Amino acid sequence: MSGAHRAPRRRGLLRRVVSAAVLALLVVSTAALAAAHVQGARFVPVLTGSMSPYAPVGSLVLTVPVAGQDVVPGDVIAFRPPAPFQVAGDRAVLHRVVSLGTQDGQRYLTTRGDANATADPWQVRREDARFGRSVLVVPWLGRVVAGGGTATMALVLGAAALLAGGRALLGGRRHRAGACDCLPSAGPARVG
């Protein structure tokens, strides 16, 4: 077999191996994300600059559950502020713990955004709230998640269209040099 015939076969094999590897990576990533979600891990989009430079606007922060008694000053945590304080869309706040205290026999913590000059106006009871400790900050990805389901779906469909387009372009190069794209005829053409 000549070298000209081996090259297309190698490219085809390489394409299949790369496609299988990408598919395997997607399956493993999806399974890992599902398992993490079941265990309580959550992604928190950063919508304001209060935690800059730790987590700039547009970042996505991965949090894992942590018990109130295990929270210490310096931890960056996600939580919902106590009543009467509310955040638009009932979203979690991501701020740093600046102090722990006790008042009227209740243990509480005080938080503050890194870019804020003063502590938050609330005190969060350590026993009542659910906390998520920040373990990973991914810049820019929060913009997609904060856009809601529509933005996420648009991103997924756009990526799928790009992959399909790339595959179609690569698939169009399968013909060897000198190969004919014409169909066989029933016999010699007659002119006349």
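Predicted model: local features only at pLDDT ≥ 70, side-chain atom pairs only at ≥ 80, totals over all residues.
In strand E7, valine 137 is the bridge partner of valine 61. E2 and E7 run antiparallel and are joined by seven bridges. Both strands belong to an open sheet of seven strands, arranged in the order E1-E2-E7-E3-E4-E5-E6 with antiparallel pairing. At the edges of this sheet stand strand E1 (42-45) and E6, each of which has a single partner strand, so one side of each is left without a neighbour in the sheet.

In soluble globular proteins, nonpolar side chains tend to be buried together. Here the largest nonpolar core has 10 residues in all: Val66, Val71, Ile77, Phe79, Val93, Val97, Leu109, Trp122, Val124 and Phe131. Strand E3 (76-79) and strand E4 (93-103) are the elements that give two or more residues to this core. A second, separate core consists of eight residues, among them Val46, Met51, Ala55 and Val76.

Phenylalanine 131, a member of the largest core, may be considered in detail. Leaving aside neighbours within four places in sequence, phenylalanine 131 is in contact with Val64, Pro65, Val66, Gly68, Val71, Ile77, Ala78, Phe79, Leu109, Val124, Arg125 and Arg126. Among these contacts, Val66, Val71, Ile77, Phe79, Leu109 and Val124 are likewise members of the largest core.

The charged residues come next. Side chains of opposite charge can pair when their charged atoms come close. A search of the whole structure finds four salt bridges. One of them joins aspartate 75 to arginine 133, with the closest N and O atoms 2.9 Å apart. This pair links distant parts of the chain, 58 residues apart: aspartate 75 is in the loop between strand E2 (60-66) and E3, while arginine 133 is in strand E7 (residues 131-138). Aspartate 75 counts as buried because its relative accessibility is 12%, under the 20% limit. Arginine 133, at 26% relative accessibility, counts as partly exposed.

Another salt bridge is formed by aspartate 114 and arginine 96, whose closest N and O atoms are 2.8 Å apart. Aspartate 114 lies in the loop between strand E5 (106-112) and strand E6 (124-125), and arginine 96 lies in strand E4, so the pair ties together parts that are 18 residues apart in sequence. Aspartate 114 is partly exposed, with a relative accessible area of 26%, and arginine 96 is also partly exposed, with a value of 23%.

The side chains of arginine 80 and aspartate 90 likewise meet in a salt bridge, at 3.5 Å from N to O. Both residues lie in the loop between E3 and E4, so this pair ties together parts that are 10 residues apart in sequence. Arginine 80 counts as partly exposed at 45% relative accessibility, whereas aspartate 90, at 53%, counts as exposed.

Leu14, Val18, Val22 and Leu26 make a nonpolar surface patch of about 360 Å². One of these residues, leucine 26, is found in helix H1 (residues 3-38). Leucine 26 counts as exposed because its relative accessibility is 51%, and the limit for exposed is over 50%.

Methods. Residues numbered from 1 in each chain as written. Heavy atoms only, no water. Patch = residues over 30% accessible without salt bridge, like charges linked within 9 Å, V, L, I, M, F, W, Y side chains within 5 Å. Areas by Shrake-Rupley, 256 points an atom, 1.4 Å probe, with all protein chains shown as cover. Helix = DSSP H or I, 4+ residues; strand = E, 2+ residues; numbered from the N terminus. Buried < 20%, exposed > 50% of the residue type's maximum accessible area, 1.4 Å probe, protein only. Core = buried A, V, L, I, M, F, W, Y, C linked by side-chain atoms within 4.5 Å. Contact = heavy atoms within 4.5 Å. Pairing = 2+ DSSP bridges.
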